[in-house]
Amino acid sequence: MRLTSRVAPAALAAVAVLLLGVLPAQAQARPDRSPDRVTVGDRTYIADGQGRALQWRGFNLADKSSRGANAFADIHESDLKDMAARGFNLARLAFFWDDLEPSPGHYDRGYLAKMRRILDWADRYHVKVVLDAHQDVYGPHFGSRGVPDWATRDEGLPFTPIPDDWFSEYFEPSVQTAFDHLYKDADLRAAHARMWLTVASALGGHPALLGYDLMNEPFAKFLEGEDLPAAAARFESTELTELWNRLARAIRLVDHRSWVFVEPTVIVGVGVPTQLGRIDDPHAGYAPHFYETSMETGADYDPNGTFIPAYEAAISDYPTRNRMPVIVGEWGGNPYVPHASQFVNDMTASMDRFASGWTWWQWCRGGGYCFLDQTGAVKPNARLLVQPYARAVAGDPLAFAYDPATRTYTLAFRTRDSAEGPTQITVPRDTYPGGYRVDVKGGRASWDDHGQTLTLNTRGRAGATYKVTISPR
């Protein structure tokens with residue numbers, strides 16, 4: 001028997017208030033007065049309570065096959081422990097609305113307890129978590145996961161599964177109609193907001209929680225005569241902007257601290273800038289996905305292709321204008337194609353140029369994009385994901401890069417009065433099995449965590465510039 005709890009009348013009233021666009025004063029307050037972000041040039045970083053600019057590296061954790069009482073069965077404490085042991089500090093945890101709320105207004109308390117247990121594991125190993133409300137092809141009504149069957153209105157339109165090209169199922173009129181009702185029907189809008197209010201109320205205070213990814217890869221109904229770019233532009237500038245603001249307001253009724261991460265449509269993956277409007281939230285981040293289209297259909301990576309330059313040209317304008325930190329929520333590829341090593345190196349170098357973090361799809365054992373093979377060993381080219389990075393910079397990061405050919409990492413930064421605490425650089429043991437050497441221009445470094453964390457204490461020297469170089473011994 002599954003234990004469920006019905007949402008309280010006060011919470012229902014709160015959702016009704018926010019749907020009218022009115023927030024009580026306490027929901028608008030920001031009790032945390034510490035700086036929440038650091039902007040350097042055209043890039044914004046999340047800041048910790050010491051004012052340090054933070055960077056993130058990690059993986060998606062997702063168990064799509066286990067449902068009901070077996071939900072999250074394929075996610076273990078050892079996953080978080082092993083991620084941390086390789087220097088990673090972020091997990092994007094997929095959860096599914098259809099499991100959380102099996103019938104309208106009834107939430108599975110056991111499901112929330114399992115989410116909290118995973119957060120507890122993450123906290124134990126100093127990994128932060130983004131909770132991802134995951135959907136693929138809307139939900140179980142269409143043979144996938146995500147929005148519950150009871151919240152699916154397809155108007156009786158036909159649906160034809162396409163197993164060899166599941167993404168094409170998004171273009172089925174029945175699927176697009178279901179999305180349209182979710183965005184427009186008052187009761188479904190309220191249910192969607194109430195779901196997030198419930199999650200944030202249950203888990204918002206957890207020390208491992210970084211934030212919420214409000215919906216994975218949102219899609220929409222095409223109007224007559226629209227192609228994908230036109231439909232995406234209309235949807236992003238209207239319904240999707242409104243959706244993100246509405247869900248953020250629901251979360252802020254109970255959680256003022258955590259970040260809310262919003263996604264554009266997948267059209268950004270072919271170099272089309274998003275048309276999202278402003279997200280009126282003090283802790284809003286941008287979480288696009290970064291998939292190479294030809295590789296998604298089974299092709300090899302083309303090192304001379306235009307994918308990465310086109311993506312970079314399209315991705316940065318929106319977060320720059322809105323001073324939003326960028327964490328790439330999903331990216332990945334087949335680590336066995338001939339140019340897989342170049343793919344990983346090119347992609348990580350690209351994200352170092354426009355983002356402050358990323359999570360690979362996914363931490364799992366097996367085929368596809370899994371980081372580990374069936375034996376639990378890291379796949380040969382996936383090993384290139386393990387790189388040095390500055391997880392916390394006590395100042396403004398001016399430049400940073402990793403050269404995989406020489407295994408040399410460089411960081412230049414300038415200290416600030418508002419930043420306290422040390423600069424910490426993660427130096428994974430897997431990157432330097434024979435040890436490494438460090439050169440610091442402007443200061444001295446020390447080590448902790450058995451040499452995997454390089455610490456530079458710059459307290460009391462505001463305005464000073466440092467350059468750190470790490471290379472194999």
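Reply:

**The interface of domain 1 and domain 2**

In this predicted model, the side chains of D430 and R86 meet in a salt bridge, with an N to O distance of 3.3 Å. The count of salt bridges between domain 1 and domain 2 is one. Polar contacts across the interface, for which both residues must be at pLDDT 80 or more, amount to twelve residue pairs.

On the side of domain 1 that touches domain 2, several secondary-structure elements each supply at least two residues: the strands β2 (37–40), β3 (43–46) and β4 (53–54), together with the helices α3 (77–85) and α12 (340–354). By class, this side of domain 1 has nine nonpolar, seven polar and five charged residues.

The domain assignment places domain 1 at 37–386 and domain 2 at 389–472. Taken over C-alpha atoms, the centres of domain 1 and domain 2 are separated by 29 Å. Contact between them involves 21 residues of domain 1 and 27 residues of domain 2.

The extent of the interface may also be expressed as an area. The size of an interface is often given as the accessible area lost when the parts come together. Domain 1 and domain 2 bury about 1900 Å² between them, and 49% of that area lies on carbon and sulfur atoms. Of the area that domain 1 buries against domain 2, R52, Q55 and V386 supply 30%, more than any other three residues.

Technical notes. Residues are numbered from 1 along each chain as its sequence is written. This is a predicted model: local features need pLDDT of at least 70, side-chain atom pairs count only at pLDDT 80 or more; totals for chains, interfaces and linings use all residues. Side-chain values use heavy atoms; hydrogens and water are left out. Domain bounds come from an automatic or database domain assignment. Contact means heavy atoms within 4.5 Å. Buried area is the accessible area (1.4 Å probe) that two parts lose on being put together, summed over both. A salt bridge is a side-chain nitrogen of Lys or Arg within 4 Å of a carboxyl oxygen of Asp or Glu. A polar contact is a pair of N or O atoms within 3.5 Å; within protein, one must be able to donate a hydrogen and the other to accept it, and residues adjacent in sequence count only if both atoms are side-chain atoms. Helices (H or I, at least four residues) and strands (E, at least two) are DSSP runs, numbered from the N terminus. Ala, Val, Leu, Ile, Met, Phe, Trp, Tyr, Cys and Pro count as nonpolar, Asp, Glu, Lys and Arg as charged, and the others, Gly among them, as polar.
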